[in-house]
Amino acid sequence: MSSLRTKIGCALAAVAGVAATLAPSPALAADSGYQGAAASWRFGVGTGSAGGYLSCPTGTKAVSSGAASSATLGYLQSGLTTFDGNGGYHTALGYQSMPFQAYAQCVPAARLSGSTRTTRTVRDHTGEFRAHVKRVDCPSGTVPYGGGAFTSYQGNVEAGLATFGSVPSGLGWSYGGAGTVSGELVVSSHCLPRAKLGRVVTESATVAGPTTDERAIVSAAARCPSGFFAFAGGASFHQPGSLTPAWRGYLTTSTMSADDRGWSAVGWTFAPDTRMTVTVRCTDRLG
């Protein structure tokens with residue numbers, strides 16, 4: 001998968017004008033042991049949603065999943081590790097038959113034994129197009145991974161909201177999306193017993209958008225220290241002085257780096273003095 005992701009990363013970087021964001025990095029200082037899974041779709045001509053499920057190899061579970069869109073003025077919608085842990089579900093809105101890719105990092109199921117899942121369901125029948133910012137917390141003694149959100153109506157999964165934030169935060173997962181929730185918005189996180197992980201560190205990188213309301217593409221990447229590999233990550237737009245996701249832009253890419261040692265994100269902002277922060281959670285042992 002690394003070769004595929006490197007090629008896709010370079011193509012996306014060329015579209016977004018951010019050549020360093022998804023570039024390959026030096027050899028691993030710590031071996032994650034991940035098996036990669038990937039899926040690819042194309043947006044319809046004009047404007048439309050694309051995406052769906054991707055599955056890990058038999059006998060493995062997903063520790064993380066992410067997505068990369070070449071539509072720089074579209075946005076990510078649903079995105080999370082599936083409830084059964086067998087893969088990921090990702091959708092996005094894009095334009096002009098451009099590609100959309102989703103990835104999962106998979107490990108033998110035993111390495112994630114004892115994990116649980118926590119969810120928060122939001123129902124909004126007002127019919128209003130507005131921002132929704134929600135957080136779900138893992139139980140004490142566990143660490144969040146594989147989080148995200150999706151929308152559903154009468155039990156059927158929908159494309160999702162326009163995502164402006166989806167990121168591990170403290171002992172939980174924070175999500176922000178804009179749109180109309182015709183049924184339910186479900187925010188979810190898988191939670192792994194802390195004892196399953198070795199040393200854990202959190203790294204982040206913040207970039208600023210323009211000081212005017214000029215539309216601008218921004219990108220950032222957070223890296224794990226030497227001897228560590230990534231197991232969770234995400235990104236969000238927010239106001240200066242606060243890391244709470246805020247409706248000030250949209251994410252188009254949020255995914256683990258090709259060498260499994262960081263997290264990369266691309267998005268575009270429409271509000272002045274906006275920040276985008278990328279966060280990656282790292283460990284030197286999993287399982």
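Accessible areas here come from the Shrake-Rupley method with a 1.4 Å probe, and the structure shown in every view is a predicted model.

View 1. The protein chain exposes about 11,000 Å², of which carbon and sulfur atoms supply 52%. Its secondary structure consists of one helix and 19 strands, and 56% of the 287 residues of the protein chain count as buried. Among contacts between residues at least 6 apart in sequence, 78% join residues that are at least 24 apart.

**View 2. The largest pocket and the residues that line it.** The volume of the largest pocket is about 260 Å³. Its lining is made up of 15 residues, and those closest to the centre of the pocket are V167, P168, S169, S174 and L243. Two or more lining residues are given by each of the elements β8 (130-137), β11 (162-169), β14 (200-208) and β19 (275-283). Sorted by class, the lining of the largest pocket holds five nonpolar, eight polar and two charged residues.

**View 3. Strand β11 and its two antiparallel partners.** Strand β11, one of the elements that contribute to the pocket lining, is largely enclosed by the rest of the structure, because seven of its eight residues are buried. With strand β12 (residues 172-179), β11 pairs in the antiparallel sense over seven bridges, whereas its antiparallel pairing with strand β16 (residues 229-238) runs over two bridges.

**View 4. The hairpin turn between β11 and β12.** Two residues lie between the strands of the hairpin that β11 and β12 form, and G170 takes a positive phi near 60° in this hairpin. The pocket-lining residues V167, P168 and S169, together with S174, are among those closest to the centre of the largest pocket.

View 5. Residue Y53 is found in strand β2 (residues 47-55). Its relative accessibility is 54%, and since the cut-off for an exposed residue is over 50%, Y53 therefore counts as exposed. Leaving aside residues up to four places away in sequence, Y53 touches A39, W41, T82, G88, Y89 and V157. The C-alpha atoms of Y53 and H90 are separated by 6.7 Å, although these two residues are 37 residues apart along the chain.

Methods. Residues numbered from 1 in each chain as written. Predicted model: local features only at pLDDT ≥ 70, side-chain atom pairs only at ≥ 80, totals over all residues. Heavy atoms only, no water. 1 Å grid on protein atoms, 1.4 Å probe; cavity = no way out; pocket = protein on both sides within 12 Å on 5 of 7 lines; lining within 4 Å. Points joined across faces, edges and corners; volume = space filled by probe spheres on them. Helix = DSSP H or I, 4+ residues; strand = E, 2+ residues; numbered from the N terminus. Nonpolar A, V, L, I, M, F, W, Y, C, P; charged D, E, K, R; others polar. Buried < 20%, exposed > 50% of the residue type's maximum accessible area, 1.4 Å probe, protein only. Contact = heavy atoms within 4.5 Å. Pairing = 2+ DSSP bridges.
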